[in-house]
Amino acid sequence: MPPILQIRDLKKTYEGGFEALKGVTLDIEEGEIIALLGPNGAGKTTLISTLCGITVPTSGSASVGGHDILTDYRAARNMIGLVPQEIALEPFEKVINTVRLTRGLFGKRRDDAYLDEVLKKLSLFDKRDQPTKELSGGMKRRVLIAKALSHEPRVLFLDEPTAGVDVALRKDMWDVVAELKKSGVTIILTTHYIEEAEAIADRVAVISKGEILLVEDTATLMGRLGKKRLTIELREPVDHVPEALSNYDLELSDSGRELVYTYETHSGRTGITGLLADLSAAGLALRDISTRQDSLEEIFVGLVQEDAA
């Protein structure tokens, strides 16, 4: 089965010569959640806008469910639901009418039974007759998702869906996304919350300066690029790392009581056994040792810094 979303060498250059997208190529499988990570100005929103028909690409191609976004625009767009970052709702309109309107704009026949199911999944059913101005920020974001799902799309774009939402509502939103995936919806998520990608995404795509730097399964990315840090607490402080330990590239804390040793998690040999033996030989007594693995955020920052170098 071909990927539901196929992007090939997609470029976008604005007036003045700014290249927002520099040949993006990406395949997204049906039913997966992929997180698009990148700093401000990386090209995330431009990529989404181009795929949704809001912006016209300079060159390259993309298709949704086999429908080209340019030559078969209407069919491609009908397969897409878009949840924008900005909350823009008619304040005095009821939730149900807001969602009905969006469904009608896509030429879909009225189907209140389907819309009621969408509202139930999003915990909005009991608020269906409330004006949107009476809802909290988190509930308004749910209405945006309901609108995006109203015409039964197979692909859902979520542009910073939990921006400005408190931690409890953010985790609640993750549950909503997980339920949508179970129903077969393919989800492309842009986020600044690294833990969001780590928690719910099947794959992570890192974008910087309009280019995809890396696409990887979330777990594989952590295992392949993640590093562990071994922190060695000494019984007595030292003012420098002994010459006999210079091969280990150790970092000494300001207090002189801790040595930090960094090693690759995927390496067959960590060097820890030799390090501990050499520490003893150098006359350094250990009080305690602990390990910590890099978070996805640290990996992401490292990739972007490499790209900027």
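Colleague: Is T102 buried or exposed?
Modeller: In this predicted model, T102 is buried: its relative accessible area is 10%, which falls under the 20% cut-off.

Colleague: Where is T102 found?
Modeller: In helix 3, which covers residues 95–105.

Colleague: And what does T102 touch?
Modeller: K147 and S150, leaving aside residues up to four places away in sequence. With K147 there's a side-chain to side-chain polar contact of 2.7 Å.

Colleague: Switching to the open sheet, what's the strand order?
Modeller: The six strands go 6-7-8-3-9-10, and the pairing is mixed. Strand 6 (80–83) and strand 10 are at the edges; each has a single partner strand, so one side of each has no neighbour in the sheet. From one strand to the next, the twist averages 15°.

Colleague: How do strand 6 and strand 7 run?
Modeller: Parallel, with four bridges joining strand 6 to strand 7 (residues 155–159). V83 sits opposite L158 there.

Colleague: Which strands does helix 5 lie across?
Modeller: Strand 6 and strand 7; helix 5 (residues 137–149) runs at about 165° to strand 6.

Colleague: And helix 1, which strands does that one lie across?
Modeller: Helix 1 (residues 44–51) lies across strands 3, 6, 7, 8 and 9, at about 150° to strand 7.

Technical notes. Residues numbered from 1 in each chain as written. Predicted model: local features only at pLDDT ≥ 70, side-chain atom pairs only at ≥ 80, totals over all residues. Heavy atoms only, no water. Helix = DSSP H or I, 4+ residues; strand = E, 2+ residues; numbered from the N terminus. Buried < 20%, exposed > 50% of the residue type's maximum accessible area, 1.4 Å probe, protein only. Polar contact = N/O pair within 3.5 Å; in protein donor to acceptor, adjacent residues only side chain to side chain. Contact = heavy atoms within 4.5 Å. Pairing = 2+ DSSP bridges. Axes fitted to C-alpha atoms, helices over the stretch in contact; angles between N-to-C directions.
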